[in-house]
Amino acid sequence: MSNIVRIILSSLLLIGTVVLFWFGHWGWGILGILVTILAWVTVFFNENMLLAQWFLRKENMTKAEGWLKRINNYEKQLISAQHGYYHMLLGIIESQRAPLQSEKYFKKALSLGLHMDHNVALAKLSLAGVAMAKRNKREAEKLLSEAKKADKNKLLADQIKMMKDQMSLMDKQQFRYSR
C-alpha cells in the first residue's frame with residue numbers, strides 16, 4: 001500500500017475518532033486514538049521493514065527475506081529516509097548467502113543515505129570485508145578507517161579490530177606465497 005493511501009486512511013481515522021468524541025462515545029474514541037496512532041506510525045515506519053528487522057535480530061533470515069520481498073516497489077511504499085535501510089537489510093541477508101554479491105546493496109545503501117552513524121559504519125565494514133575477499137587491501141584499509149570514524153559509540157570496535165587482524169594475516173600469507 002502506498003504512503004498516499006496510508007495518509008488518507010489515517011486522516012479518515014482521525015476524523016472518525018474526533019466524531020466519536022464529539023458524540024460522547026469516549027470508550028470508542030480512546031480505542032480510535034490508539035488505532036489512529038498505529039495507522040500514522042505505519043506511514044513513517046513500514047511494517048514490512050519493522051518485521052524484517054525483528055526477524056534479523058532473531059537471526060531468522062528466511063522470514064526476514066520474506067518480509068522484505070513483500071515490498072514490491074520500495075520507492076512508493078517507503079519514505080525516502082528508509083530507502084537506504086531497505087538496501088542495507090537486503091545486503092545483510094545477501095551477505096549470509098553470497099558475500100561478494102552483497103556489495104551492490106551496501107553501496108546503494110550508502111549512496112541513498114543512512115542517517116545513523118553506526119549503520120554507516122556497518123555498511124562500510126561489510127564493504128571492507130568484500131574488498132578483503134577480493135584481495136583489494138588498499139580499498140579495505142580505506143573502508144575500515146572510514147568505518148572506524150563513523151563508529152563513534154564504539155559498537156563495532158571488536159569487529160573492526162578483528163578485520164584488521166585478518167588483514168595482517170592476509171599480508172603474512174601473501175609474503176609466504178610470494179617466495
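Colleague: What does Trp54 count as in terms of accessibility?

Modeller: Trp54 counts as partly exposed, because its relative accessibility is 44% (buried is under 20% relative accessible area, exposed is over 50% and partly exposed lies in between, with a 1.4 Å probe and protein chains only). Please note that this is a predicted model, in which local features need pLDDT of at least 70 and side-chain atom pairs count only at pLDDT 80 or more, while totals for chains, interfaces and linings use all residues. Residues are numbered from 1 along each chain as its sequence is written, and side-chain values use heavy atoms, without hydrogens and water.

Colleague: And Phe55, buried or exposed?

Modeller: Phe55 has a relative accessible area of 13%, and is therefore buried.

Colleague: How many aromatic pairs are there in the whole structure?

Modeller: The search finds three (ring centres of Phe, Tyr or Trp, the latter by its six-membered ring, within 6.5 Å; stacked under 30 degrees between planes, edge-to-face over 60, otherwise tilted). One of them joins Trp54 and Phe55 edge-to-face, with 5.1 Å between centres and 65 degrees between planes. Another is the stacked pair of Tyr74 and Tyr86, at 5.2 Å centre to centre and 20 degrees.

Colleague: Which helices hold Tyr74 and Tyr86?

Modeller: Tyr74 belongs to helix H5 (residues 74–77) and Tyr86 to helix H6 (residues 83–97), so this pair links distant parts of the chain, twelve residues apart. Helices are DSSP runs of H or I with at least four residues, numbered from the N terminus. Tyr74 and Tyr86 are both buried.

Colleague: Moving to H9, what span should it have?

Modeller: H9 (residues 137–150) has 14 residues, so at 1.5 Å a residue the helix should span 20 Å, which agrees with the 20 Å between its end C-alpha atoms. The expected span is 1.5 Å times one less than the number of residues.

Colleague: Which residues of H9 are buried?

Modeller: Ala140, Leu143, Leu144, Ala147 and Ala150 are. They cover an arc of only 125 degrees around the axis, so they lie on the same side of H9; the arc is taken from the directions from the axis to the C-beta atoms. Arg138 and Lys149, on the other side of H9, are exposed.

Colleague: Where does Arg70 sit relative to Trp67?

Modeller: Arg70 lies over the face of Trp67, 4.0 Å from the ring centre (the criterion is CZ of Arg or NZ of Lys within 6 Å of the centre and within 35 degrees of the ring normal).

Definitions and conventions. Helix = DSSP H or I, 4+ residues; strand = E, 2+ residues; numbered from the N terminus.
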